[in-house]
Amino acid sequence: MYKPGEACISLFQFWNKATKRMEFKRRPFIIIGVTGQNDYIVLPISRVTIEADRDAHYDYPLSKEGFILLNLSENSFIRIHKPTTIHEGQISKIITDFSSNYPNSYLEIMSLYEEFQRHIVNNSI
């Protein structure tokens, strides 16, 4: 069983513009919740190479030097506005306990996630 705050690796499906089809790639993510039924709510970690695709407020920057335990190959972002649910069978390994090793960043991320969820609910009523 995994727990909130752990950074892990999983297979994620994505649309490949070059091949014009769905493909899979290994992607790091942060677990932020456990739903029961062996499912986890996660926030993906991505490079977001096209600056116009970045969200200035909800893409949390991670420098490869500042977050060395994540083993990032490039500076990346936690995509707070792109939560998804995955089954534990999709998780291939734990990278690090992000919440213990980077507690201030984890609290900032969770605060932004809470803000994002409130924004969604408030704009849906």
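Ser99 touches Pro4, Gly5 and Tyr106, leaving aside residues up to four places away in sequence; contact here means heavy atoms within 4.5 Å. This is a predicted model in which local features need pLDDT of at least 70 and side-chain atom pairs count only at pLDDT 80 or more, while totals for chains, interfaces and linings use all residues. Residues are numbered from 1 along each chain as its sequence is written, and side-chain values use heavy atoms, with hydrogens and water left out.

Ser99 belongs to helix α1 (residues 98-101); helices (H or I, at least four residues) and strands (E, at least two) are DSSP runs, numbered from the N terminus. The relative accessible area of Ser99 is 18%, so the residue is buried, a term for values under 20%, with exposed over 50% and partly exposed in between (1.4 Å probe, protein chains only). Its side chain makes a polar contact with the side chain of Asp97 at 2.8 Å. Such a contact is a pair of N or O atoms within 3.5 Å; within protein, one must be able to donate a hydrogen and the other to accept it, and residues adjacent in sequence count only if both atoms are side-chain atoms.

**Aromatic pairs**

Rings of Phe, Tyr and Trp (its six-membered ring) pair if their centres lie within 6.5 Å; planes under 30 degrees apart count as stacked, over 60 as edge-to-face and the rest as tilted.

| Pair | Centre to centre | Angle between planes | Class |
|---|---|---|---|
| Tyr58 and Phe116 | 5.3 Å | 70° | edge-to-face |
| Phe98 and Tyr102 | 5.2 Å | 45° | tilted |

Tyr58, in the loop between β3 (39-46) and β4 (59-62), and Phe116, in helix α2 (residues 103-122), are 58 residues apart, and their pair links distant parts of the chain. Tyr58 is buried at 10% relative accessibility, and Phe116 is buried at 11%. Phe98 is buried at 0% and Tyr102 at 12%. Ring pairs also join Phe98 and Tyr102 with Phe67 in a cluster.

**Nonpolar cores**

A nonpolar core is a set of buried Ala, Val, Leu, Ile, Met, Phe, Trp, Tyr and Cys residues joined through side-chain atoms within 4.5 Å. The largest has 20 residues, and those with the most contacts inside it include Leu70 and Phe98. Elements giving two or more residues to this core are β2 (21-36), β3, β4 and α2; α2 provides the largest share, five residues. Leu70 touches Phe98 and Tyr102, among others. Another core, of nine residues, lies apart from the largest one and has Cys8, Phe29, Ile31 and Tyr40 among its members.
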